[in-house]
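Q: I am new to this structure and would like to learn how to read its strands and cores. Could we go through it step by step?

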Amino acid sequence: MNTFLAALVVVASLVPVPEPGVTTPVDWRDQAIYMVMTDRFRNGDPQNDLDSVPGKADWWQGGDLQGVIDELDYIKGLGMTAIWITPASEQTKGGYHGYWTLDPYKVDPHLGDMAKLQELVRKAHERSLRVVLDIVPNHLGAGHPWLTDGAHAGWFHADCPINFSDQTSVENCWLAGLPDLNTENPVVRAYLIDWANWLVDQTGVDGFRVDAARHLSKDFLRALTSALHTKHPAFWILGEVYSSGYRYQSGFLDAGLDAVTDFQTYDSVRIGLDPRGNLGQLTTSPSLAADLGAGREDSRAIFIDNHDVARFVGRDTPDAATMARLEEAIVYLFTMPGTPVLYYGTEVALPGGPDPDDRRPMPWTGGDETVRQLVRDLATMRQAIERGLVVYDRRGGPDVAVIAINGDEQRSVDVPLAKLGLDGGDLHRTMGSGISGNIDGSILRMTLAPRAAGIFLVAATHDTFGLPLWSLLLLAVAVVLVAAAVVTLARRQLPRRV
């Protein structure tokens with residue numbers, strides 16, 4: 001499998017990439033997101049470590065916004081097109097993860113300041129990386145001073161234990177003992193919506209991930225998403241709806257979210273790829289996705305692990321069998337409809353048990369390069385397909401069959417023979433309508449009409465006696481692959497919701 005992907009990516013890099021800073025329409029289902037827990041990623045500025053304690057699992061450990069900036073090229077080099085960072089707001093005591101807000105209008109000093117957050121977004125955009133910022137409109141940090149200051153009377157729901165079978169309880173009771181904001185209060189609602197729009201204006205981020213979205217009323221979500229989309233029409237809003245039921249999640253898409261977190265796929269991968277599992281489980285998500293609503297089957301952010309669940313490989317150093325399962329999971333992640341989200345460290349098989357062990361610091365030395373290269377290959381392949389042209393090769397004997405599948409525009413593409421592992425060669429045969437090709441020195445030059453698919457059979461040496469049997473077999477295999485890929489590409493080109 002990896003050999004095939006490497007061959008594909010050899011020429012995927014030939015697909016044009018938008019110039020940095022150029023604004024183009026974004027369909028987030030075509031993106032690949034790298035999720036970072038900022039405090040655990042990289043310590044780029046020891047001067048803001050404050051009371052950080054490296055190695056203390058439930059406390060600040062020193063990662064910061066500068067550390068993310070320092071590794072933007074690494075993230076881009078993985079083939080990612082966007083980053084999602086955990087909340088940057090000032091936290092109550094011990095809120096290293098970002099979900100215990102003290103002052104939403106301030107950046108926590110452990111991470112940096114507003115200028116540093118703005119710098120991160122600017123430098124990400126210079127690399128054509130989009131930025132998704134986590135926000136927490138549902139609750140504040142434990143013991144928040146607004147609970148008792150008298151000036152914020154009516155800002156919170158009464159404390160009560162959550163009954164998860166009752167949606168009203170889910171929305172109004174306190175999640176994990178955290179003060180639940182009364183978003184039905186017009187003053188609270190206006191405060192949160194004004195803050196959200198201010199945050200977009202201040203930072204220039206491209207999207208929000210709304211934490212604990214299932215705990216917010218749909219009426220509030222409609223108001224929030226409507227206000228954000230009115231002022232920022234291209235803005236993307238992902239909601240964390242912690243549920244494996246697509247039908248339940250569909251109501252939150254109705255409320256204005258652009259996508260939901262895909263716990264159904266997470267469960268399918270976890271169960272299907274378990275050593276005692278059934279691979280048939282992997283078909284569950286595609287077959288049930290219609291429950292999200294017509295035209296919204298891929299309005300979901302797919303993941304195989306994240307900061308709220310144990311790492312895919314578990315808490316111990318993975319053995320060979322676990323590494324093989326991880327590679328299968330990553331292939332599934334990047335080839336399913338929807339928006340893949342890769343949790344930091346998964347590309348190096350970082351172990352971790354349940355929270356907080358699933359938030360270990362990113363290891364910057366060692367790690368498994370095989371898995372990391374697989375991520376690069378798959379992410380690059382995904383970009384090539386989504387940009388309207390995919391080119392890959394299949395091999396048999398000394399011949400190489402180059403397969404090119406085009407989208408809606410006429411394209412020409414040049415493939416250096418060296419990238420095919422050939423010092424030189426002849427173009428023996430082409431197959432497909434609306435295509436042409438020739439060998440020009442050490443370059444295979446191909447031209448494809450809109451919606452054309454072609455096979456270009458390149459031989460390393462001259463052969464005046466026609467095609468040998470293995471070449472004919474290679475062509476037959478390539479024809480089958482083209483047929484399958486054309487069907488897939490046609491599905492991807494169906495009209496999409498704007």
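Q: Which residue is the bridge partner of Ile 33 in E10?
A: Please keep in mind that this is a predicted model. In general, strands of a sheet pair through backbone hydrogen bonds, either parallel or antiparallel. Here the partner of Ile 33 in E10 is Val 341, and this bridge belongs to the parallel pairing of E1 with strand E10 (residues 339-343), which has 3 bridges.

Q: Which strand is joined to E1 by 4 bridges?
A: That is strand E2 (residues 82-85), which runs parallel to E1, and within E2 the bridge partner of Met 35 is Trp 84.

Q: Are the residues on the two faces of strand E1 buried or exposed?
A: In soluble globular proteins, nonpolar side chains tend to be buried together. In strand E1 (residues 33-36), Ile 33 and Met 35 on one side are buried, as are Tyr 34 and Val 36 on the other, so that both faces are covered.

Q: Which residues touch the most other members of the largest nonpolar core?
A: This core has 102 residues, and those touching the most other members include Tyr 34, Ile 83 and Phe 208. Helix H12 (residues 320-335) gives the most to this core, with 8 residues. A second, separate core of 17 residues includes Leu 389 and Ile 435.

Q: What is the strand order in the open sheet of 3 strands?
A: The order is E13-E16-E15, with antiparallel pairing, and the edge strands E13 (411-416) and E15 (435-440) each pair on one side only. E15 is joined to strand E16 (residues 443-448) by 6 bridges, and Asp 440 stands opposite Ile 443 in E16.

Note on methods:
Residues are numbered from 1 along each chain as its sequence is written. This is a predicted model: local features need pLDDT of at least 70, side-chain atom pairs count only at pLDDT 80 or more; totals for chains, interfaces and linings use all residues. Side-chain values use heavy atoms; hydrogens and water are left out. Buried means under 20% relative accessible area, exposed over 50%, partly exposed in between (1.4 Å probe, protein chains only). Two strands pair if DSSP finds at least two bridges between them. A nonpolar core is a set of buried Ala, Val, Leu, Ile, Met, Phe, Trp, Tyr and Cys residues joined through side-chain atoms within 4.5 Å.
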